[in-house]
Amino acid sequence: MNLCCDHLDNQCADRRDRHADQLLSRTMTADRAEITAPLARRARASRRARTTSMRQHLQVLAYGSFRHAQGNQAAQVHFVQAYVRLLEQQGIPFEWSGMRVLDTIVRHLRLPHGHAHIDDPVLVHAQFAFWARNIWDVIRSVYHDDPALIPDRRRLDQRAAEVGGTREMTSFRDDELGTLAAAFGFYRARSSARLSATEVVDTHFVPALLDTELGFQGEGTRFVRRPRTDDGDVHESRMLSHCSKSARRYRDGRPDVVNQIYRAVCVRLDRATDDTDPLTSRYRDLIAAYNRCHPGSTVARLHVPTDDFPERRAGGDRG
């Protein structure tokens, strides 16, 4: 009898324990939900803040514009102009502390992996600091609709000296600054304020990009191949690499501003088939030069056809 009672007591105790465990489990699940829901909301808010804040784009502009220029400062002007106009078109708010943020960023920048080695750290810093100020002028000019804020030759000379640049440094030679001033000059005209990012890509960035790419296919006056230190292809088409990455990011549904620029590059090169188009012969020259440098892997084009991009663009826009 006692054994039976003990057995019943044990069954009751087991049921109470299971019930208690279930209550505890539900409570813990509820607690986790109460904890994780705000965390998830904060994470989503943080992601939205990153994509709607100019600060993250300042990092891309300070470092990415250098990479995408491929050593051509005129191309860097047009890349920055296209990028900033996309930010303004997409409603990214102006960052009032932007110059201070850029100064902080450039203090820690290093040359990209595989870049030709430069022994002079003063030159490296001067280059990034010089461009931080140029980038800030472009941002202010686009957002304040004031082309007069774009630097002219006199301002570029002053700026180069302020950051420690000298005429002996290749980035600050007289001819280099003259070419740079001419590229900026397009955007000092009042009519430039009406240019869209796509028009900047079509009219200025793509022609500069083709000239830069052609130089590295044995046609350059300074470098006939890429001065790489990573054993990579010295005649690589960075344009094709960036266009391919852009198409992948679009297919993944996560294109960024750089990807949008290279999609626009692809759209423009898709149209470079008409002999009356001044870009057509230049693009054909580039493809022919690339194939001469890659006899075992020739190509018909050095961009990704627009048809290979999904129909929907960044931000849900059609086209």
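## Close-up views of helix packing, loops and cysteines

**View 1. Helix 3 and helix 10 are therefore roughly perpendicular to each other (65 to 115 degrees).** The model shown is predicted: local features need pLDDT of at least 70 and side-chain atom pairs count only at pLDDT 80 or more, whereas totals for chains, interfaces and linings use all residues. Residues are numbered from 1 along each chain as its sequence is written, and side-chain values use heavy atoms, without hydrogens or water. The axes of helix 3 and helix 10 (residues 257-270) cross at roughly 115° and come within 10 Å of each other; axes are lines fitted to C-alpha atoms over the stretch in contact, with angles from 0 to 180 degrees between N-to-C directions. The crossing of helix 3 and helix 10 is right-handed (the near helix is turned clockwise from the far one by less than a right angle; left-handed if anticlockwise). From helix 3, the residues Phe79, Ala82, Tyr83, Leu86 and Leu87 meet Val257, Val258, Gln260, Ile261 and Tyr262 of helix 10, contact being heavy atoms within 4.5 Å. This contact has 9 nonpolar residues, 1 polar residue and no charged ones (Ala, Val, Leu, Ile, Met, Phe, Trp, Tyr, Cys and Pro are nonpolar; Asp, Glu, Lys and Arg charged; the others, Gly among them, polar).

**View 2. Helix 2 and helix 3 cross at roughly 145°.** The axes of helix 2 and helix 3 come within 9 Å, and their crossing is right-handed. On the side of helix 2, the contact is made by His57, Val60, Leu61, Gly64, Ser65, Phe66, His68 and Ala69. Helix 3 contributes Ala75, Gln76, Phe79, Val80, Tyr83, Val84 and Leu87. By class, the contact of helix 2 with helix 3 comprises 10 nonpolar and 5 polar residues, with no charged ones. Phe79, Tyr83 and Leu87 of helix 3 take part in this contact with helix 2, and they also meet helix 10.

**View 3. Helix 8 runs roughly parallel to helix 11 (angle under 35 degrees).** The axes of helix 8 (residues 197-219) and helix 11 (residues 278-293) come within 9 Å and cross at roughly 30°, in a left-handed sense. Helix 8 makes the contact through Val206, Pro207, Leu210, Asp211, Glu213, Leu214, Gln217 and Glu219. The partners in helix 11 are Leu279, Arg282, Tyr283, Asp285, Leu286, Ala289, Tyr290, Arg292 and Cys293. The contact of helix 8 with helix 11 contains 10 nonpolar, 1 polar and 6 charged residues.

**View 4. Gln70 and Asp145 have positive phi values in loops.** Most residues other than glycine have a negative phi. Gln70 is buried at a relative accessible area of 9% (buried is under 20%, exposed over 50%, partly exposed in between; 1.4 Å probe, protein chains only). Asp145 likewise has a positive phi, near 55°, in the loop between helix 5 (121-143) and helix 6 (153-162). With a relative accessibility of 42%, Asp145 is partly exposed.

**View 5. Phe186 lies in the loop between helix 7 (174-185) and helix 8.** Phe186 is partly exposed, at 45% relative accessibility. Beyond its neighbours within four places in sequence, Phe186 is in contact with His78, Ser192 and His204. Phe186 and His78 are 108 residues apart along the chain, and their C-alpha atoms are separated by 9.6 Å.

View 6. With a disulfide taken as a pair of cysteine sulfur atoms within 2.5 Å, the count comes to 0. Cys243 is buried, with a relative accessible area of 0%, whereas Cys293 is partly exposed at 26%.

**View 7. The whole chain contains 11 helices and 0 strands.** Helices (H or I, at least four residues) and strands (E, at least two) are DSSP runs numbered from the N terminus. Along the sequence, the elements follow the pattern α-α-α-α-α-α-α-α-α-α-α. Of the 319 residues of the chain, 42% count as buried. Among contacts between residues at least 6 apart in sequence, 69% join residues at least 24 apart.

Technical notes
Parallel < 35°, antiparallel > 145°, perpendicular 65-115°, else oblique.
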